[in-house]
Amino acid sequence: MTVLVFVGSLLGAMALGMPIAFSLLVSSVALMWHLDIFDAQIIAQNFIAGADNFPLLAIPFFMLAGEIMNVGGLSRRIVDFALAAVGHIKGGLGYVTIVAACILSALSGSAVADAAALSALLVPMMIKAGHSSHRAAGLVAASSVIGPVIPPSIGFVIFGVAANVSITKLFLAGIMPGIYIGAALWITWWICVRKENLGTPPRKSSKDLIRAALDASWALMLPVIIIVGLRLGVFTPTEAAVVAAVYALFVSTVIYRELKLAQLYAVFMTASRTTAVVMLLVAAASIAGWLVTVADLPGAITDMMQPVMDNPTLLLLAIMLLVIVVGTAMDMTPTILILTPVLMPIVREAGIDPVYFGVLFVINMSISLITPPVGTVLSVVAGVTRQRVDQVMRGVLPFLIAELIVLFLLVLFPILIMGPARWFSG
């Protein structure tokens, strides 16, 4: 009955069109009434305490870094470098999209930011080269999913705080899975375009390639600085976010000189609005998380999962299927905040490595960004490219299948994540 009250009130509020953060507050109040422990002071205390968390400072700074990179020319130079490197291959613009997405992922940590940048830069070029508009948009949407997987990742920050798991270990464990997804998209794109009659631009000369690499070198140094700094313990993930924002600001204003001082206010305001939405969700979800613990919802779900508790692989498959279903109806951040307090006790009781589970969970939630009907990235790509969402959905389907295959391979073979993670962390 407790689970029904919580889930029913949450879904009911969402069905009425209430924003997710306020739906969480409504479901929390409903659960408090059901448990006969309603106290406005508890709501206020948990609401404030939920956002008063030092690691969460990484979110606004990574948001700011992403905005600065898009406006300051870093994103465009990365795309130009990818064009010079692989643009001459048949279907080369698709490979450019995948390479650029992997690199941008190591800069912003946000799928939405990457989707907006790649859609504006590459989809018109792909359509001009002869690719169908919906397939081009679908590839961009699917490639943007890599954003929250390769560090720095806002998804890992939120999960790490909610689950009390090392964010640095999550960052280092996410490097190879992001590359696996990129490889799967590369193969899928090759299958899609091998029979198409496409024109390809001429191969760039070595001089042009070197020039593009040098022009993008300042942007390409940022992921190196972040990963090496985290690996050597020079800074924490929160401090890495500050380093990313300051570095991006320096390069955009002093080196590339594309970001003018007059534009800074708009950049800061955009990053602030996005951060405010995320932090309101975090604060509201902290109340729900406290009530989930008080009501012992993890215990109730553990009892339901008892038949597969002795088999970690089957348990993970069941959890991943649950998360896929939930992800079709809810965005990434609220889902992480709601499900993490429920699932982590089950994961720990089953003896599953929390870092391994966190990577799988965030990958799953990243893929949910391109699953209808909510699919935030689908909406962003459709808006930027001026297509209908259903057209983008049709184009993204083969790439979505490829990413789901990668996810389930990672569930079946944990060494694919934990092996490289142990190597990166030393």
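Helices, as the term is used for this predicted model, are DSSP runs of H or I with at least four residues, numbered from the N terminus. Under that definition, Thr 97 belongs to helix 6, which spans residues 92-108.

The relative accessible area of Thr 97 is 0%, and the residue is therefore buried, the cut-off being under 20%. Apart from neighbours within four places in sequence, the contacts of Thr 97 are Leu 118, Leu 122, Met 126, Leu 139, Val 140 and Ser 143. Its side chain also reaches the backbone oxygen of Leu 93, at 2.9 Å.

Two packed helices are described by the angle between their axes and the distance between the axes. For helix 4 (residues 58-72) and helix 14 (residues 261-294), the packing angle is about 140 degrees and the axes lie 9 Å apart. Angles over 145 degrees count as roughly antiparallel and those from 65 to 115 as roughly perpendicular, so the pair formed by helix 4 and helix 14 is classed as oblique. The crossing of helix 4 past helix 14 is right-handed. On the side of helix 4, the contact involves Ile 59, Pro 60, Met 63, Leu 64, Glu 67, Ile 68 and Val 71. Helix 14 contributes Gln 263, Val 267, Phe 268, Thr 270, Ala 271, Thr 274, Thr 275, Val 278 and Met 279. Sorted by class, the residues of this contact comprise 11 nonpolar, four polar and one charged.

Several backbone features occur in loops. Most residues other than glycine have a negative phi, and most peptide bonds are trans. The peptide bond from Pro 151 to Pro 152 is cis, its omega being near 0 degrees. Pro 152 is placed in the loop that links helix 8 (133-144) to helix 9 (154-163).

A positive phi is found at Asn 164, a residue other than glycine, with a value near 60 degrees. Asn 164 sits in the loop between helix 9 and helix 10 (167-173). With a relative accessibility of 69%, Asn 164 is classed as exposed, because the cut-off for that class is over 50%. Arg 257, likewise not a glycine, has a positive phi of about 60 degrees. The loop between helix 13 (237-255) and helix 14 holds Arg 257, and at a relative accessible area of 58% this residue is exposed.

Methods. Residues are numbered from 1 along each chain as its sequence is written. This is a predicted model: local features need pLDDT of at least 70, side-chain atom pairs count only at pLDDT 80 or more; totals for chains, interfaces and linings use all residues. Side-chain values use heavy atoms; hydrogens and water are left out. Axes are lines fitted to C-alpha atoms, for helices over the stretch in contact, and angles run from 0 to 180 degrees between N-to-C directions. Helices (H or I, at least four residues) and strands (E, at least two) are DSSP runs, numbered from the N terminus. Angles under 35 degrees count as roughly parallel, over 145 as roughly antiparallel, 65 to 115 as roughly perpendicular and the rest as oblique. A crossing is left-handed if the near helix is turned anticlockwise from the far one by less than a right angle, and right-handed if clockwise. Contact means heavy atoms within 4.5 Å. Ala, Val, Leu, Ile, Met, Phe, Trp, Tyr, Cys and Pro count as nonpolar, Asp, Glu, Lys and Arg as charged, and the others, Gly among them, as polar. Buried means under 20% relative accessible area, exposed over 50%, partly exposed in between (1.4 Å probe, protein chains only). A polar contact is a pair of N or O atoms within 3.5 Å; within protein, one must be able to donate a hydrogen and the other to accept it, and residues adjacent in sequence count only if both atoms are side-chain atoms.
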